[in-house]
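Hi,

Here is the structure I promised to pass on. Have a look at it first, and then read on for what turned up.

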Amino acid sequence: MLVFVVLGNYLTSALREAGIDCLCLPRHFKCRGDIAQCAAVWTLVGRYKICPGECSGVPVAEIDGVVFLRRGGGRTCGWELGRRCENQVEVQFKPPARPIIVVDLSLWEEHTRGEKHELVEQILATLGAVRRFLWDGNLWITNAPGEFIELLNLHARGLVHKMGVFDKMPQLENPVVLDPEGPCLFTEEVARCYSEFIIGGIVDKERTAKSATARLAELIGVSKRCRIELRGSRVGVPDRINKIAEIVLRTWAGEPLEKAILATQAKRDRVYRLMWEIQKRAGRSQGGYLTLSRKALEEANWLGAPWEEVELALRKLRVKILD
């Protein structure tokens with residue numbers, strides 16, 4: 001089983017080298033994923049510090065020989081993760097400089113007001129996706145206008161972050177653009193061989209943005225454009241910026257590409273792909289409606305969609321199941 005702890009491994013290794021084998025977490029410490037990963041991110045962005053201090057707590061995780069405690073009695077520990085401390089311990093751990101997820105906003109002005117708000121929301125979700133593997137420094141927002149900063153402050157007032165926000169494109173080492181119409185195929189090898197993965201900051205909910213990513217790639221001067229496919233088709237591949245970033249990072253971290261795509265699919269993505277798979281296998285009766293055997297339905301659902309989504313796909317297509 002693949003364990004998605006990347007930055008957290010750097011922290012626990014540094015703690016062990018500093019002679020720290022336990023760490024007491026703050027009372028209001030919030031973490032939806034791996035505790036070491038969250039602790040590493042919050043330490044790097046300056047939200048918490050590693051401090052000496054007698055505390056006690058209940059062990060909630062042990063990662064690479066370091067025990068993390070929740071306050072409330074139990075084991076005693078001489079180290080804590082706190083907001084303030086007089087004798088902060090400088091634990092030296094340097095996060096990986098690459099890969100970089102780049103969201104480029106060269107086409108910002110083509111968006112409607114509503115699309116701009118949606119774009120900011122997707123970028124905030126992308127920050128969350130990046131933090132599951134690395135940290136803020138591995139996310140760049142490039143060619144960002146002043147209006148983006150205003151909307152970012154509006155949507156995430158008080159957000160503590162250190163993602164790179166640039167009004168131009170910084171120097172890139174080995175970039176590739178993720179383009180649904182790209183001539184090359186995004187593979188596991190591509191995920192591990194390139195340094196910067198550029199995602200177009202494009203939302204087209206209120207208008208048609210034809211070949212927008214190709215135009216964006218030309219504007220920033222990157223020729224390598226790759227599309228993500230699921231078993232030979234783009235149907236069912238998530239298209240939200242944060243989902244694309246998560247697919248890239250999962251694959252970079254060692255997960256098979258197909259598994260990464262399936263793990264990030266939303267209900268809508270699965271239903272659309274399931275409808276596509278059913279249509280490929282369905283026959284048509286004399287009455288004109290689609291028919292499908294139960295065996296063919298099982299084959300169509302290699303996605304592993306729950307039955308309620310299978311039923312929804314069948315209803316949308318008005319398919320009759322043959323016993």
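How are H3 and H4 oriented to each other? Before the answer, please keep in mind that this is a predicted model.

The axes of H3 and H4 (residues 146-155) come within 10 Å, and they cross at roughly 65°. An angle of 65 to 115 degrees counts as roughly perpendicular, so H3 and H4 are roughly perpendicular to each other. As for handedness, H3 passes H4 in a right-handed crossing. In general, the angle between the axes and the distance between them are what you need to describe two packed helices.

While you have H3 on screen, find Arg 113, which lies in that helix. Its relative accessible area is 47%, so Arg 113 is partly exposed. From Arg 113 to Leu 159 you would count 46 residues in sequence, and the two are 22 Å apart in space, C-alpha to C-alpha.

Now for the whole protein. It has eleven helices and 14 strands. The C-alpha trace spans about 80 × 50 × 35 Å along its principal axes. Of the 323 residues, 51% are buried.

The largest pocket has a volume of about 900 Å³. Its lining is made up of 32 residues, and those nearest its centre are Pro 180, Asp 204, Asp 239, Arg 240 and Ile 244. Two or more lining residues come from each of these elements: strand S10 (196-200), helix H6 (212-220), strand S11 (225-227), helix H7 (241-252) and helix H9 (267-281). H9 gives the most, with three residues. Sorted by class, the lining of the largest pocket has 15 nonpolar, eleven charged and six polar residues.

The second largest pocket has a volume of about 760 Å³. It is lined by 19 residues, with Arg 32, Cys 38, Trp 42, Gly 128 and Arg 131 the closest to its centre. Here the elements that give two or more residues to the lining are helix H2 (35-44) and helix H3 (113-131). So which helix gives the largest share of this lining? That is H3 again, with five residues. By class, the lining of the second largest pocket has nine nonpolar, seven charged and three polar residues.

Finally, a few spots in the backbone. Most residues other than glycine have a negative phi, and most peptide bonds are trans.

- The peptide bond from Arg 98 to Pro 99 is cis, with omega near 10°. You will find Pro 99 in the loop between strand S4 (75-82) and strand S5 (100-104).
- Asp 64 is not a glycine, yet it has a positive phi, near 50°. It sits in the loop between strand S2 (49-63) and strand S3 (66-71). With a relative accessible area of 39%, Asp 64 is partly exposed.
- Arg 231, also a residue other than glycine, has a positive phi near 50°. Its place is the loop between S11 and H7, two elements that also give residues to the lining of the largest pocket.

Cheers

Conventions:
Residues are numbered from 1 along each chain as its sequence is written. This is a predicted model: local features need pLDDT of at least 70, side-chain atom pairs count only at pLDDT 80 or more; totals for chains, interfaces and linings use all residues. Side-chain values use heavy atoms; hydrogens and water are left out. On a 1 Å grid over the protein atoms alone, a cavity is a set of points where a 1.4 Å probe fits but cannot get out, and a pocket is an open set with protein on both sides within 12 Å along at least five of seven lines; lining residues have an atom within 4 Å of a point. Grid points are joined across faces, edges and corners, and a volume is the space filled by probe spheres set on the points. Helices (H or I, at least four residues) and strands (E, at least two) are DSSP runs, numbered from the N terminus. Ala, Val, Leu, Ile, Met, Phe, Trp, Tyr, Cys and Pro count as nonpolar, Asp, Glu, Lys and Arg as charged, and the others, Gly among them, as polar. Buried means under 20% relative accessible area, exposed over 50%, partly exposed in between (1.4 Å probe, protein chains only). Axes are lines fitted to C-alpha atoms, for helices over the stretch in contact, and angles run from 0 to 180 degrees between N-to-C directions. Angles under 35 degrees count as roughly parallel, over 145 as roughly antiparallel, 65 to 115 as roughly perpendicular and the rest as oblique. A crossing is left-handed if the near helix is turned anticlockwise from the far one by less than a right angle, and right-handed if clockwise.
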